[in-house]
Amino acid sequence: MRDTFVKTLIDIAKNDRNVHLITGDLGFGVLKPFWEQLPDQFTNAGIAEQNMTSFAAGMALEGKTVFTYSIGNFPTLRAIEQIRNDCAYHNANVKIVCVGGGFVYGSLGMSHHATEDLAIMRALPDVTVLAPGDLVEAECATRAIYEHDGTCYLRLGRGGEKRIHDKIDNFQIGKAIKIKDGDKVAILSTGAIFDEALEASEMLIEKGIKPALYTFPTVKPIDRVTIEECAKHYDLIVTVEEHNIIGGFGSAVSEVLAELVRVSARVLKIGLYDKYSSIVGSQKYLRDIYGMSARKITEKVMKEII
């Protein structure tokens with residue numbers, strides 16, 4: 001996803017000289033094409049994410065569209081006060097980009113596990129939160145936040161993600177994307193863990209269960225209409241996220257469902273069950289350990305419907 005983001009941003013920035021990219025002294029191998037082609041639109045702020053964010057806010061208030069870029073929790077949790085006070089409060093045109101959502105940097109330990117970011121960022125007023133599920137969604141999301149006025153958060157995977165969509169027609173912030181219809185069960189997923197949700201849906205079909213499948217590139221504003229439609233047509237709604245189940249995507253879906261009347265759909269939230277990982281390992285390994293792999297998703301759904 002990071003390569004897709006950079007290629008897309010280069011295309012945008014070549015046509016808009018007010019676009020500026022700031023890195024927190026990371027991502028040089030990926031960002032090199034940007035600074036080589038657009039050196040006047042690139043700044044390395046050093047290992048100083050709080051300063052980077054305030055600097056971005058100042059530039060944005062002078063008319064720039066500014067993207068900040070770093071890995072894991074560094075551009076978000078480390079700079080949360082600056083995002084809140086300098087960016088969001090002033091509705092500054094700052095686009096905060098995290099590369100490595102969830103367990104991407106699993107081998108580096110909990111300091112690099114981005115598993116609370118969606119909850120924290122969506123709690124900030126006037127901050128739009130996106131977590132694309134594949135390379136096509138990542139490109140569309142990058143263009144969408146560029147065009148969207150105000151502070152945005154874009155949570156990406158790292159690299160090697162599957163291309164799931166051939167194309168997306170009419171991508172919109174706040175709109176989910178239906179992958180397929182189903183019976184009784186609907187799986188709703190956000191972020192790069194969508195590949196596990198897709199594989200789980202195929203495993204469930206082999207077991208005689210045909211789940212509907214949706215990807216939610218936007219966590220805030222959440223697609224209330226799609227959630228309400230799913231609540232009317234399916235008995236079980238399964239949310240999948242590479243994130244703490246408290247405050248994140250599953251909570252956003254549950255908040256919508258809690259306001260509905262005469263709807264009996266149950267919710268199964270799959271994610272990290274309110275803990276820090278004391279285990280290190282690859283992203284795939286940690287997903288399985290913490291119940292987010294396709295196999296574990298399938299097992300949990302089967303337990304709910306039998």
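The legends below describe close-up views of one predicted model.

Residues are numbered from 1 along each chain as its sequence is written. In this predicted model, local features need pLDDT of at least 70 and side-chain atom pairs count only at pLDDT 80 or more, while totals for chains, interfaces and linings use all residues; side-chain values use heavy atoms, with hydrogens and water left out.

**View 1**
The largest pocket has a volume of about 200 Å³. A pocket is an open set of points on a 1 Å grid over the protein atoms alone, with protein on both sides within 12 Å along at least five of seven lines. Lining residues have an atom within 4 Å of a point. Grid points are joined across faces, edges and corners, and the volume is the space filled by probe spheres set on them. The lining consists of Val 104, Arg 158, Gly 159, Gly 160, Glu 161, Lys 162, Ala 192, Asp 195, Gln 283, Lys 284 and Arg 287. By class, six are charged, three polar and two nonpolar. Here Asp, Glu, Lys and Arg count as charged; Ala, Val, Leu, Ile, Met, Phe, Trp, Tyr, Cys and Pro as nonpolar; the others, Gly among them, as polar. Helix 10 (residues 283-289) gives the most to this lining, with three residues. Helices (H or I, at least four residues) and strands (E, at least two) are DSSP runs, numbered from the N terminus.

**View 1. The cavity.**
The structure holds one cavity of 30 Å³ or more. A cavity is a set of grid points where a 1.4 Å probe fits but cannot get out. The space in the largest cavity is about 70 Å³. Its lining includes Gly 101, Pro 132, Arg 155, Thr 190, Ile 193 and Glu 242. The classes are five nonpolar, five polar and two charged residues. Val 104, Ala 192 and Gln 283 are among the lining residues of the cavity, and they are also among those of the largest pocket.

Glu 196 sits in helix 7 (residues 194-206). Glu 196 is buried, at 1% relative accessibility. Buried means under 20% relative accessible area, exposed over 50%, and partly exposed in between (1.4 Å probe, protein chains only). The side chains of Glu 196 and Arg 287 make a polar contact at 3.1 Å. A polar contact is a pair of N or O atoms within 3.5 Å; within protein, one must be able to donate a hydrogen and the other to accept it, and residues adjacent in sequence count only if both atoms are side-chain atoms. Not counting residues up to four places away in sequence, Glu 196 touches Lys 284, Arg 287, Met 292, Ser 293, Ala 294 and Ile 297. Contact means heavy atoms within 4.5 Å.

Seven of the ten residues of helix 9 are buried, so the helix is largely enclosed by the rest of the structure. The buried residues are Phe 249, Gly 250, Ser 251, Ala 252, Val 253, Val 256 and Leu 257. They pack against helix 5 (117-122), strand 8 (184-189), strand 10 (218-220), helix 8 (224-233), strand 11 and strand 12. Glu 259 lies in the loop between helix 9 (249-258) and strand 12 (266-272). Glu 259 is exposed, at 56% relative accessible area. Its side chain makes a polar contact with the side chain of Arg 224 (2.7 Å).

Asn 244 belongs to strand 11 (residues 234-244). Asn 244 is buried, with a relative accessible area of 11%. A polar atom of the Asn 244 side chain lies 3.2 Å from the backbone nitrogen of Ile 246. Beyond its neighbours within four places in sequence, Asn 244 is in contact with Thr 115, Leu 272, Tyr 273 and Asp 274. Asp 274 lies in the loop between strand 12 and helix 10. Asp 274 is exposed, at 52% relative accessibility. Phi of Asp 274 is positive, near 50°, in a residue other than glycine.

**View 2. Backbone details in two loops.**
Lys 220 and Pro 221 are joined by a cis peptide bond, with omega about 0°. Pro 221 is in the loop between strand 10 and helix 8. Asn 170 is in the loop between strand 6 (152-156) and strand 7 (177-180). Asn 170 is not a glycine, yet has a positive phi of about 60°. Asn 170 is exposed, at 61% relative accessibility.
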